[in-house]
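Please read them with the coordinates open.

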Amino acid sequence: MSVRLSDGLLKSVEKPSRYTGNEWNSVIKDPRNVNIRFAFCFPDTYEIGMSHLGMKILYHLLNEREDCYCERVFAPWTDMEAKMRENGIPLYSLETKDEIKNFDFAGFTLQYEMSFSNILNMLDLAGIPITADNRKDNDPFVCAGGPCAYNPEPLADIIDFFMMGEGEEIINEVMDAYAGWKGTGRSRTDFLEDIAGIEGIYVPSFYEFEYKENGTIKSFNPLKPQYPVKIRKRIIHDMDKVFYPDKIVVPYTDIVHDRIMLEVFRGCIRGCRFCQAGFIYRPVREKSHERLMELAKKLEESTGYEEISLTSLSTSDYSELEELTTELIDEMDERKVGLSLPSLRLDSFSMDLMEKAQKVRKSGLTFAPEAGTQRLRDVINKGVTEEDLLSAVSLAFNGGWHGVKLYFMLGLPTETFEDVEGIADLAYKVVNAYKRVPMEKKGKGLNVTVSTSTFVPKAFTPFQWEAQESREGVSEKQRFLKGRIRSKQVTYNYHENKLSFLEAVFARGDRRICKVLIKAWELGCRFDGWGEYFKYDIWMQAFSECGVDPYFYAVRKREYDEILPWDHIDVGVTKKFLINESKRAHDGKITPNCRKNCGGCGAAVFESGICGGDSLG
Amino acid sequence: MPPYSKAVFVEVTALVNIRAKFKRGDEVKFISHLDLMKVFERAIRRAKLPIAYSQGFNPHPGMVFGLPLSVGVTSEAEYGEFEITDDSISVNEFADRLNAQLPQGLGILSVKARRSKENIMATIAASEYSVVVGTKSECTEKNIKSSIQKYLAQNEIVVKKRTKSGMKDTNIKDMIYDLSFELQPCGTFNIIKFNMLVSAGSKANLKPDLLIASFFDYLKLDYDIDRIHRTKLFVKAQDQLLDPMDGLVL
């Protein structure tokens, strides 16, 4: 049954069009004609969720099936939530405005740990029990996937089953299994048993953990011998043949990324040691530029968007970048479509490209050296030298740019005050590079912005064993750096590191923090990623009420032989490789990128892309 | 006179200027005016209509819209003007192609080519609305009628109006051209459908909800606005109110 939203209610909330649907290219089906109703839930606002590429792909992919209707659901903002609770309106889908409680699936994409409390809130608003063990036969199955699913344990009590890896194939296999189960009268557990055998499916309630006295994991045990001990992520082998929507929903209201996203490849050859994406998405698999041109044309025609952005990690590493951008600019120029290139390494080629393609104001360019000294950049395997950076900014200054943003992390493993000082030094070297540019070429008024964030060690990276630096330690470094940056031309931005601490707890948390999450939500936490709603003290209260020590998860250094909460998940990259990379990090040794030299990370097990001898990779 | 080159002159006259009347239904009543312009821009792009773009760093499509509607208000009398660069496209073709690309709730109702240089924004003078109001207070046809007469017969009708410099007392008496109603008793509830013709545009603009609020406050009765719908929009020429599609103002 669809919910009734009065005009008065919608008029009383901010940006009501995010709750009303009916956007161009949204899919309209008669729910009576389908067997499976799937609520694709994004645990953040409409503006964030609608900018997410994975949702666009899976929404249209599921709707290709005649037996399935996939609809979108976002977290209502706090004003709308209050109105919904006040008026007894349950969580509903944008397409039919039907209650989520009556769907077959509520599927969450996990993009960010700090949106977990929104999952609980959305389930509660929907009237679905928030823990899996309380759900009854007529409740939807609650499933999840996405990057944060690679450490699924903090949500183990909430989610009925996880889908590991890329969703395009596995989700169809699950839908097929569901079509076979639905209406047979067999139990919920029977369905979960049916799909537990599908590669990539993880049903947390089918396993249990034993813990040692010191709090670390003693063992991870399947409750029945037939449940897989290792759950391997799924990947797409042929990026040219995999489904990609040729139309996408065009929102009415401004969203974060309001443009066509053209995904050029998955994975990353770089192997920066702090970067989870660089490991979990391996191996690198590219789309051909011919396929991308075909998609670009179709998407431009079906959406009317005036901008296309190339999407991937480190887009400069795309092996057909020159062909693709030349053809795109040719084709799209007369249609007045701009090209945006968000993840480019700056060299003369990319400068030239930006000059031609981008609707750029020559104000700001962004660089991410991540660390202040070469020593520390070697530790994190960030293959950028000072020379690279300075020649890039000189190139930019000579081209008329006059603003540079530099991003760094504080609290990286082995970091000393010398490394922090290196950040200030680098900023001054950038200022000096500007001074050397001839007057007539200079844009007016240099502005260098240095931003630091706090390093959060992540699962499946060589730093997964590291302690996060204490909040006090990071604050001291922030103050130190602030003292070193005195130039009027350099601005230093940083923020409190309470949120990073909590991120670190959840990024490497185990099942035992699930109850903390539930408690924090009960105490009113939601939208934790939004500064104005983040309640650190409430979170700390939740930890203490549950008798869980957050420091155990965030600031404890692990031993290599410790069983980690995500060890039963197999992303291809082996623990042996990560240990080796961790040791190399501490020795300050860099590891060449995948194209230069195969490091033997283990992703070759997928025999795909760059690991499959494929010429594109 | 500056020496305009002939080429520039030719280019300017090759532009076709189209005025279109469109509706805005329930499906799209919650999108803002700014977002509505984006909807049209993208629909025009999908329809591959050759819209003129402004020169410069951030080219804008040649489109002008009439009086913005408040969020939540529907309309059957919205107007937009579009400049296209190909005079081989007829106005009807323009309408058909655009209609095929507009989302549900938006639709072109009629189109005409125009020669006038004055854009619609500048000439709008009045708007007609129907406003459905519910009230629990007792009312009869007769007493509403006399209330309206008394209300309009006041020397001045002062309301608090939001302006750029804060709330300001404004006399709206001269902004009300006509106010009529239909009463539909509905159990313990009365539904009154008002029809009003009020000033609109940049010189003087009276929002329908403001008039309703002022009227009910005058009567000291409870009220709840159920829906507001714009039925007509008028432009002023030679001191008379004309339909924006009238040949005289195109």
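1. Start with the domain layout. Chain A falls into domain 1 (7-232), domain 2 (236-359 + 604-617) and domain 3 (361-502). Please keep in mind that this is a predicted model. The C-alpha centres of domain 1 and domain 2 of chain A are 28 Å apart.

2. Next, the contact between those two domains. In chain A, 21 residues of domain 1 meet 23 residues of domain 2. On the domain 1 side, helix H2 (46-49), helix H3 (53-64) and helix H6 (167-181) of chain A each contribute at least two residues. H3(A) provides the largest share of that side, five residues. By class, the domain 1 side that touches domain 2 in chain A holds eight nonpolar, five polar and eight charged residues.

3. The chain A to chain B interface. Here 18 residues of chain A are in contact with 17 residues of chain B. On the chain A side, helix H1 (7-11) and helix H9 (289-303) of chain A each give at least two residues. H1(A) gives the most, with three residues. The chain A side splits into six nonpolar, six polar and six charged residues.

4. Glu503(A) deserves a look. This residue belongs to helix H16 (residues 498-507) of chain A. Is Glu503(A) buried or exposed? Glu503(A) has 22 other C-beta atoms within 10 Å, and 20 or more count as buried, so Glu503(A) is buried. Leaving aside residues up to four places away in sequence, Glu503(A) touches Glu113(A), Met114(A) and Val456(A).

5. A cis peptide to inspect. Which peptide bond is cis, with omega near -5°? The one from Arg282(A) to Pro283(A). Pro283(A) sits in the loop between helix H8 (277-280) and strand S12 (285-286) of chain A.

6. A positive phi in chain A. Glu370(A) is not a glycine, yet its phi is positive, about 70°. Glu370(A) is placed in strand S15 (residues 364-370) of chain A. Glu370(A) is buried, with 22 other C-beta atoms within 10 Å.

7. A positive phi in chain B. Lys48(B), a residue other than glycine, has phi near 55°. Lys48(B) lies in the loop between helix H2 (33-46) and strand S2 (63-65) of chain B. Why is Lys48(B) classed as exposed? The limit for exposed is 12 or fewer other C-beta atoms within 10 Å, and Lys48(B) has 12.

8. Strand S1 of chain B and its surroundings. Seven of the nine residues of strand S1 (residues 16-24) of chain B are buried, so S1(B) is largely enclosed by the rest of the structure. Which strand does S1(B) join through eight bridges? Strand S3 (residues 74-84) of chain B, and the two run antiparallel. Within this pairing, Ile18(B) has Phe82(B) of S3(B) as its bridge partner.

9. The other pairing of S1(B) to check. S1(B) also pairs with strand S4 (residues 106-113) of chain B, in the antiparallel sense and over seven bridges. Phe22(B) is bridged to Ile108(B) in S4(B).

Technical notes:
Residues are numbered from 1 along each chain as its sequence is written. Chains are lettered from A and ligands numbered from 1 in the order in which they are written. This is a predicted model: local features need pLDDT of at least 70, side-chain atom pairs count only at pLDDT 80 or more; totals for chains, interfaces and linings use all residues. Domain bounds come from an automatic or database domain assignment. Two residues are in contact if their C-beta atoms, placed from the backbone, lie within 7 Å. Helices (H or I, at least four residues) and strands (E, at least two) are DSSP runs, numbered from the N terminus. Ala, Val, Leu, Ile, Met, Phe, Trp, Tyr, Cys and Pro count as nonpolar, Asp, Glu, Lys and Arg as charged, and the others, Gly among them, as polar. Two strands pair if DSSP finds at least two bridges between them.
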